[in-house]
Amino acid sequence: MAATSRDSVLNRTLIDKETNIRINKKAPAEYLREIEAELNAERLGEVLESHLLQGGKPSSLSEGRLSDFLGERQQRFAEKLEEVTR
């Protein structure tokens with residue numbers, strides 16, 4: 001994974017310090033499975049959607065397809081910006 005893509009603003013979301021430490025250096029597929037085991041799939045989906053991330057499976061995030069994920073996230077940001085600036 002290219003550092004420029006990984007470090008993109010589209011690959012950022014606000015999370016607490018504890019969660020950041022917990023997921024540090026893990027692939028999304030790994031930490032999403034762990035969190036889903038604690039929360040359940042429905043609640044995880046709600047949390048992801050609240051961050052403008054695709055909830056549910058499969059997803060580009062859970063499958064590690066960074067380029068697809070960034071494109072999808074860019075679209076979600078654009079849609080949200082359109083929604084709140086009408």
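Author: In this predicted model, a residue is called buried when its relative accessible area is under 20% and exposed when that area is over 50%.

Reader: How far apart are the end C-alpha atoms of helix α3?

Author: Helix α3 comprises twelve residues, 28-39. At 1.5 Å a residue the helix should span 16 Å, and the distance between its end C-alpha atoms agrees with this, being 16 Å.

Reader: Within what arc do the buried residues of α3 fall?

Author: The buried residues of α3 are Y31, L32, I35 and E36. Seen down the helix axis, they line one face of α3, because they fall within an arc of 140°.

Reader: Which exposed residues does the face of α3 turned away from its buried side carry?

Author: An α-helix has 3.6 residues a turn, so residues three or four places apart point the same way. On the face of α3 turned away from the buried side, the exposed residues are R33 and A37.

Reader: Is E36 buried or exposed?

Author: E36 lies in helix α3. Its relative accessibility is 18%, and the limit for a buried residue is under 20%. E36 therefore counts as buried.

Reader: With which side chain does the side chain of E36 make a polar contact?

Author: Leaving aside neighbours within four places in sequence, E36 is in contact with A41, L44 and K57. The polar contact of the E36 side chain, at 2.7 Å, is with the side chain of K57.

Definitions and conventions
Residues are numbered from 1 along each chain as its sequence is written. This is a predicted model: local features need pLDDT of at least 70, side-chain atom pairs count only at pLDDT 80 or more; totals for chains, interfaces and linings use all residues. Side-chain values use heavy atoms; hydrogens and water are left out. Helices (H or I, at least four residues) and strands (E, at least two) are DSSP runs, numbered from the N terminus. The expected span of a helix is 1.5 Å times one less than its number of residues. Buried means under 20% relative accessible area, exposed over 50%, partly exposed in between (1.4 Å probe, protein chains only). The arc is that of the directions from the helix axis to the C-beta atoms. A polar contact is a pair of N or O atoms within 3.5 Å; within protein, one must be able to donate a hydrogen and the other to accept it, and residues adjacent in sequence count only if both atoms are side-chain atoms. Contact means heavy atoms within 4.5 Å.
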